[in-house]
Amino acid sequence: MEGTPPRILVVIPAYQEERSIGGLVRSLRERTPYDMLVVNDGSTDRTSETAREAAATVLDLPCNLGIGGAVQTGFLYARDRGYDVVVRIDGDGQHEVEDIPKVLEPILTGRADAVIGSRFLGETEYRGSIPRIFGIRFFRFLINVTTGYRVTDPTSGFFAINRRLVEFYSDHYPSDYPEVDAYILMHRLKARAVEVPVRMYERAEGKSSITAFRAVYYMVKVTLSFLINRIRRFG
Amino acid sequence: MNRVTLFSICASAGFLLYILEMVRRRKLREEYSILWLAGSVVILVLSLKQDWLVGIAHAVGIVYPPSFLFLVGILFILLILIHFSIAISKLHQMNKKMAQEIALMKEAKRRQAVTD
């Protein structure tokens, strides 16, 4: 890496985001210098075309894999193409592209292997429902007790990881609801993870992938998968 | 020979033949037939050899021997279902890898077309 600047890829998983993806890609292109990759997770709307029209590189998954499978496809692409750092942001415009340098900074200075953007550090416009706040507190507790990481925003989908984690996640990344599980994986690698404050907007378009109906399944699945990962071997 | 014995023999023998025929016609893969075959053979043998059934049932403390047949049947069904869950998980993983590979290959091809 000496001499050459690190190669940075912004990965944007997108499922049925035709209304927001074009604007997001354009604002990334205009306001940041990074390469970007849209991973279209088997959308049936014009997500892929809209992203391509905005001049993004697009990977089209032939079927819907779920958010983890889509993000992992981005990691595989980054690994194969020799990127040093991957930033992952949501395709629905909830994250502020101008916060990307803040999320990158601790990795670029070698202070951290993973940086997670937190909507709860510093001032925030974000307000969640009561079940969501409860879920977040539960995951904070679970992560802290089992890994020691002090986390404020355990389900944040805005993060950056270095090459070592990109390679590991290319082989081991949960198919659905991956963010909480990722803390166990990072713990296994003794990765240094830090949070930085980021802005978070209410969704402009579309629905959150987490409906109230799925909340209980989410909690149970993530807790189980988290605890199993704690005792799993990674070959 | 009482009626329940006759029924049990006919049912397990018929089942065994059906599974063998499915394997022969390649409608059922060998690895998925093993548990079905083993289950039907065990039930068939215990139906034919009643004294074995009575002996084993009493040895494990079951008063009414035919209920040991139910137990064997249920245990095999459980094993088969677990086997299916494992097979589905494996297929899920393979399917995910293939979908990812296809997406990456399509992109590489598109890139190639642009540079050509």
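Colleague: In which sense do S2(A) and S3(A) pair?
Modeller: The model is predicted, so local features need pLDDT of at least 70 and side-chain atom pairs pLDDT 80 or more, while totals for chains, interfaces and linings use all residues. Residues are numbered from 1 along each chain as written, and chains are lettered from A and ligands numbered from 1 in written order. Strands (E, at least two residues) and helices (H or I, at least four) are DSSP runs numbered from the N terminus, and two strands pair if DSSP finds at least two bridges between them. S2(A) and S3(A) are joined over 4 bridges, with A:Val39 having A:Leu59 of S3(A) as its bridge partner, and the sense of this pairing is parallel.

Colleague: Which helix stands between S2(A) and S3(A) in their β-α-β unit?
Modeller: The unit formed by these two strands and their helix is right-handed, a word that applies if, with the strands pointing away from the viewer, the path from first strand over helix to second runs clockwise. The helix of this unit covers residues 47–53 of chain A and is named H2.

Colleague: Which residue in S4(A) stands opposite A:Val10?
Modeller: Strand S1 (residues 8–14) of chain A is joined by 4 bridges to strand S4 (residues 85–88) of chain A, and the two run parallel. In S4(A), the residue opposite A:Val10 is A:Val87.

Colleague: Which are the edge strands of the sheet?
Modeller: The sheet is open, with 7 strands of chain A in mixed pairing and in the order S3-S2-S1-S4-S6-S5-S7. An edge strand here pairs on one side only, and in chain A this holds for S3 (57–60) and S7 (193–197).

Colleague: Which residues of H8(A) make the contact with H5(A)?
Modeller: The axes, lines fitted to C-alpha atoms over the stretch in contact, with angles from 0 to 180 degrees between N-to-C directions, come within 12 Å for H5 (residues 130–147) and H8 (residues 215–230) of chain A and cross at roughly 5°. That makes H5(A) roughly parallel to H8(A), a class for angles under 35 degrees. Residues are in contact if their C-beta atoms, placed from the backbone, lie within 7 Å. H5(A) contributes A:Pro131, A:Gly135, A:Phe138, A:Leu142 and A:Thr146, and H8(A) contributes A:Ala215, A:Met219, A:Thr223, A:Phe226 and A:Arg230.

Note on methods. Parallel < 35°, antiparallel > 145°, perpendicular 65-115°, else oblique. Contact = placed C-beta atoms within 7 Å.
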